[in-house]
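Please look at the sequence and structure shown here before reading on.

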Amino acid sequence: MAAATAVAVALSSIGVALGADWVPASDWALIEASVRDVGTAHTPLVGFFSRYGWFHPGPWPLYVLAVPYRLFGASPQALLIAVGLVNTAAVVVCCRASWRIGGHRLLLVTSGALIALMAGMRVWLLVDPWNPWLGLLPFAALVLCCWALALGHRWYLPAVAALATFVVQCHVAFVVPAVAVVLAALVLCVRSGGGERWRPALLAGAAVVVVGWAPVVVEQVVADGGNLAALGSFFVTASVEPTAGPVQGARILATETSGWPPWLGRPEPTRFDGDPRIGDVPDLASPWAVAVPVALVAATWYLARRRGAGWIATGAILAMVLLAGSWIGLARLAGPQYYWLVRFTWVVGWFGVVVVAAFVVEVLVDTAWLRRRSPAGSRTRAALAAAAIVAVLLAGAVAVRTGADPVLPAQTLGLPVASLRPATLDWLRGHVPPGGAVAVEGRSDERYGATQGLFNVLDAAGYDVSLRGEWAKQVREDRRNEAPVTLVVVSGDEVGSWRARGIEEVAAFEPTGLGSALDLEPTVVFLDDGDAPAVDEAASDSDEPTDG
């Protein structure tokens, strides 16, 4: 029942997507366009775009989303449903692995912790295709499958390979902690032996790795320079931006995992290094506060070993590895320390709580006064079990109620795109043949993602569309063309100067009503006829997109 409640909470997120009037912009628009490319001549061999100029490691998250995306109509709403299904599957894997590891006791603990985590994420975030969020629940599933693998359950090896591939290819922030926990699980697994009986599982795991990383290798071989080379150059040699360092990494980790952590509802700063544009100085924990979760997990390991609960001790080892791997990854964080770049630590803190709580439940259930066969002992056990299930059910109800936020992913950013879409498509029908080549470019302070949103709209309409100028790097090379028609998206104060030049105007968004209340600026699509103002590259290289 507890596991069913956790799955129901995940499924409830899909209700947010059904019938939703959502128009993606910014990164979300590029994600839908990439998912739409799967199975076509433009099938991606790399992952999501990063603001550093390279793409995240691989395309399998896009491939996975593409199947339900097409089944449900290949629309923006279908993309939300696809993400909801992926997260629901991750919750199911978490529950199944928990049962395999520790039976109904760990299943109850994990289900309650999952509901708390999903409540902290908000239900609408469970349908958000943005890659920093897309990997969160699969990361939780990966950690639990690693726990099962470390205990010698060999057929979790292919699951670990598949989940690790998915998570790492979602976002590079997952790489260090994910690789660390997988390696630790493999080392612990070797101690269990197995001989010949491990061969089928090893072959299956190796096959998953080959299939999962084949597109990445192919892209590296056929592309000029290759994405893997760009990633290696950035992380191994030198970043163009300073890294957080070990002290700041410890402060971030302590803030996210000690005391009242953000995944349980505490507010989180937008930037952990402060935002000079608004004078924001975040209130971070002391770097020494990271000793609290480390000490709790270490104590759990020691006490579990003394009680003979080896499975919990193994979980504690993996929790310590996750903390160490997360600290290393956070210390290497380059550039602005946005909250989405460190959100993976929610799962790290969550797993530590699961391990400690599992030990506490084990101690309580195994106490002599609960193990007695007397009627009083039976009644006490039944009462505790009923209370635990009721608590999980209530937590699930609260999660659905508090998480049912009507705001969809980056919904505000889609307002200009929704307004520009009809007039732009009408203009193109009269000037560009169906399937013809069109380029889209953003100028000046266009920071609302309307450029990428318009790119996605035109791509969905069947045009051979590309991004131009400083925006071209956000799409793969195979999506770039030499289009004879270029539409330029301009917003803010620059709109007036473009209009003063008499440049042909294709579509316009004037913020009235909700748009005005949200302080959105006018956004206009112009035809670049050669008389357009020169590009201000410093201004057009916006720092709002993308995930990093």
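**Salt bridges in the model**

Arg429 and Asp426 are both exposed (over 50% relative accessible area; under 20% is buried and anything in between partly exposed, with a 1.4 Å probe and protein chains only). The two form a salt bridge, meaning a side-chain nitrogen of Lys or Arg within 4 Å of a carboxyl oxygen of Asp or Glu. The model is predicted: local features need pLDDT of at least 70 and side-chain atom pairs pLDDT 80 or more, while totals for chains, interfaces and linings use all residues. Residues are numbered from 1 along each chain as its sequence is written, and side-chain values use heavy atoms, without hydrogens and water.

Overall picture
- The structure contains 11 salt bridges.
- One network of salt bridges links Glu32, Arg36, Asp37, Asp459, Arg476, Asp478 and Arg479.

Within a helix
- The closest N and O atoms of Arg429 and Asp426 are 2.6 Å apart.
- Both residues belong to helix H18 (residues 414-431), where a spacing of 3 residues separates them by about one helical turn; helices are DSSP runs (H or I, at least four residues) and strands likewise (E, at least two), numbered from the N terminus.

Asp478 and Arg476
- Asp478 pairs with Arg476 in a salt bridge, with 3.3 Å between the closest N and O atoms.
- Asp478 is partly exposed at 35% relative accessible area, whereas Arg476 is buried at 9%.

Glu510 and Arg499
- A salt bridge joins Glu510 to Arg499, and their closest N and O atoms are 3.0 Å apart.
- Glu510 sits in the loop between strand E4 (505-509) and helix H21 (514-517), and Arg499 in helix H20 (residues 494-500), so the pair ties together parts 11 residues apart in sequence.
- Glu510 is partly exposed, at 38% relative accessible area, and Arg499 is partly exposed at 35%.
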